[in-house]
Amino acid sequence: LSVLSTDNTVEFDNLFGPDDGLMTEGETLNVAANVTTQFDSGLRWYTTFGDNEEEAKTNGAFPSEFTHDRDTLGTEISRALGEQSFFTAGIDYYDETIESTTDFPVTDRDNTGVYAKLTGVLDKVSYAISLRYDDNSAYGSDTNGSVAIGVDLNDSVRLSANSGTGFLAPSCSFCYVQFFGNRDILPEVSK
């Protein structure tokens with residue numbers, strides 16, 4: 001179990017004339033719990049739960065209130081396929097909601113991801129192969145994967161190569177936080 005709580009105050013100048021005491025007060029609370037079950041020497045199940053809550057209140061000429069909540073759940077199971085090879089499969093989910101004095105076009109969205117990976121070592125060669133599918137309510141679905149290989153040339157030199165693709169949807173905070181958000185931001189895609 002982990003818990004992180006922060007309180008902060010940011011004071012700033014008013015560009016539009018005199019207005020003392022301009023500030024944004026913020027609070028953040030992150031709570032996460034992990035459960036690991038080892039069924040036998042080759043089978044492990046791992047589950048994590050999380051909640052992230054952010055609140056911000058700004059006073060002055062443009063007062064606003066903003067609350068962002070992100071709940072997460074993930075689970076994976078890993079099976080040994082010998083002494084140095086493993087197959088892992090999992091699913092993760094998050095749901096984000098925002099509430100604000102500002103009217104936003106999107107106030108709730110979610111993402112479900114399903115993935116599998118195979119890792120192992122054969123003599124002096126190590127490998128990793130992975131595949132992931134995401135279904136995001138705001139940005140649609142995307143499938144990505146990667147392949148990596150490494151060869152130990154000797155005890156101190158390793159040659160490795162990898163190739164893959166990736167997808168990362170921006171959080172609601174990135175898109176909609178007042179004054180700094182970008183509603184037109186697109187997911188990060190890597191190749």
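Me: Is Arg-158 buried, exposed or partly exposed, and what are the cut-offs?

Reply: Buried means under 20% relative accessible area, exposed means over 50%, and partly exposed lies in between (1.4 Å probe, protein chains only). Arg-158 has a relative accessible area of 45% and is therefore partly exposed. This is a predicted model, in which local features need pLDDT of at least 70 and side-chain atom pairs count only at pLDDT 80 or more, while totals for chains, interfaces and linings use all residues. Residues are numbered from 1 along each chain as its sequence is written, and side-chain values use heavy atoms, with hydrogens and water left out.

Me: With which side chain does Arg-158 meet in a salt bridge?

Reply: A salt bridge is a side-chain nitrogen of Lys or Arg within 4 Å of a carboxyl oxygen of Asp or Glu. Arg-158 meets Asp-152 in this way, at 2.5 Å from N to O. Asp-152 is partly exposed, at 30% relative accessibility.

Me: How many salt bridges does a search of the whole structure find?

Reply: The search finds 7. One of the pairs is Asp-40 with Arg-79, at 3.7 Å from N to O. This pair links distant parts of the chain, 39 residues apart: Asp-40 lies in strand 2 and Arg-79 in strand 4 (residues 64-80). Strands (E, at least two residues) are DSSP runs, numbered from the N terminus.

Me: Is Glu-96 buried or exposed, and what does Glu-96 form with Arg-109?

Reply: Glu-96 is buried, at 0% relative accessibility, and Arg-109 is buried as well, at 2%. The two form a salt bridge whose closest N and O atoms are 3.1 Å apart. This pair also links distant parts of the chain, with Glu-96 in strand 5 (residues 85-100) and Arg-109 in strand 6, 13 residues apart. Arg-70 is linked with Glu-96 and Arg-109 in a network of salt bridges.

Me: What is the order of the strands in the open sheet?

Reply: Two strands pair if DSSP finds at least two bridges between them. Here the open sheet has 9 strands in the order 1-2-3-4-5-6-7-8-9, with antiparallel pairing. Strand 1 (2-11) and strand 9 (158-164) are the edge strands, each pairing on one side only. Within the sheet, 12 bridges join strand 6 (residues 108-122) to the antiparallel strand 7 (residues 125-136). Lys-117, for example, has Ser-130 in strand 7 as its bridge partner.

Key
Helix = DSSP H or I, 4+ residues; strand = E, 2+ residues; numbered from the N terminus.
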